[in-house]
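Keep the structure open while reading.

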Amino acid sequence: MNNINITRDDEELALRIVRENITSYLNDKEYVPNAEFPEIFNEEMGVFVTLNKKGSLRGCIGYIEAYEPLIDALLDLSLASAFDDPRFAPVTKEEINDITIEISLLSKPQLIKVNEYDEYLNQIEVGVDGLIIENGYYRGVFLPQVPIEQNWNILQYLENLGYKAGASANLWKKESTKIYKFQAHVFEE
């Protein structure tokens with residue numbers, strides 16, 4: 001995936017950092033990770049931290065664009081996904097052991113250039129490409145795994161992206177709309 005070289009050991013370390021940070025916060029303790037990290041933890045990249053509880057979404061917050069080093073993003077986003085996702089109540093001590101953690105490392109978004117809106121259908125691969133849609137103040141994002149989890153075809157993917165942006169299902173068909181695609185390296189506990 002677009003130049004992200006991460007080992008399984010690095011993935012396990014990232015997952016452990018997220019879990020330990022959330023658990024420390026639940027116990028009113030400050031989490032201070034070990035200062036020695038592999039080089040990838042100093043790289044800036046888009047990142048999402050997703051929490052699932054018994055197969056259902058429990059929290060998901062992230063950065064599409066590279067914003068800060070991976071280690072800082074993991075620390076910030078682990079707490080944001082557990083305690084600040086406006087769709088859910090904060091995670092509790094009682095449920096933390098029922099939660100599994102998923103991390104998505106994102107490639108840089110690329111604008112999909114088309115002359116006619118139906119050209120999008122041949123330039124997007126469901127299950128591979130995450131999408132960002134923008135039109136004025138409307139903006140929506142789906143990670144690549146979302147259409148697979150929802151069993152959507154390409155049209156349903158684009159229509160639901162419009163809804164996610166707070167607009168209509170036809171937002172993707174408007175000439176003034178921009179759609180970007182990106183890929184994700186996804187790993188979980």
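Two strands count as paired if DSSP finds at least two bridges between them. In this predicted model, β4 and strand β7 (residues 178-182) pair in the antiparallel sense over 2 bridges. Within β7, Tyr180 is the bridge partner of Leu111.

This pair belongs to an open sheet of 4 strands, with antiparallel pairing and the order β4-β7-β5-β6. At the edges are β4 (110-111) and β6 (138-142), each of which pairs on one side only. Helix α5 (residues 154-164) packs on the sheet and touches β5 (130-135), β6 and β7. The direction of α5 makes about 130° with that of β6.

Next come the nonpolar cores. Which residues of the largest nonpolar core touch the most other members? They are Phe41, Val47, Leu74, Ile103 and Leu105, in a core of 31 residues.

The most is given by α2, with 8 residues. Another core lies apart from this one and has 27 residues, including Ile112, Ala167, Ile179 and Phe182.

Phe41 can also be viewed through its contacts. Leaving aside neighbours within four places in sequence, Phe41 is in contact with Asp10, Leu13, Ala14, Ile17, Pro69, Leu70, Ile71 and Leu74. Leu74 is, like Phe41, among the residues that touch the most other members of the largest core.

Conventions
Residues are numbered from 1 along each chain as its sequence is written. This is a predicted model: local features need pLDDT of at least 70, side-chain atom pairs count only at pLDDT 80 or more; totals for chains, interfaces and linings use all residues. Side-chain values use heavy atoms; hydrogens and water are left out. Contact means heavy atoms within 4.5 Å. Axes are lines fitted to C-alpha atoms, for helices over the stretch in contact, and angles run from 0 to 180 degrees between N-to-C directions. A nonpolar core is a set of buried Ala, Val, Leu, Ile, Met, Phe, Trp, Tyr and Cys residues joined through side-chain atoms within 4.5 Å. Buried means under 20% relative accessible area, exposed over 50%, partly exposed in between (1.4 Å probe, protein chains only).
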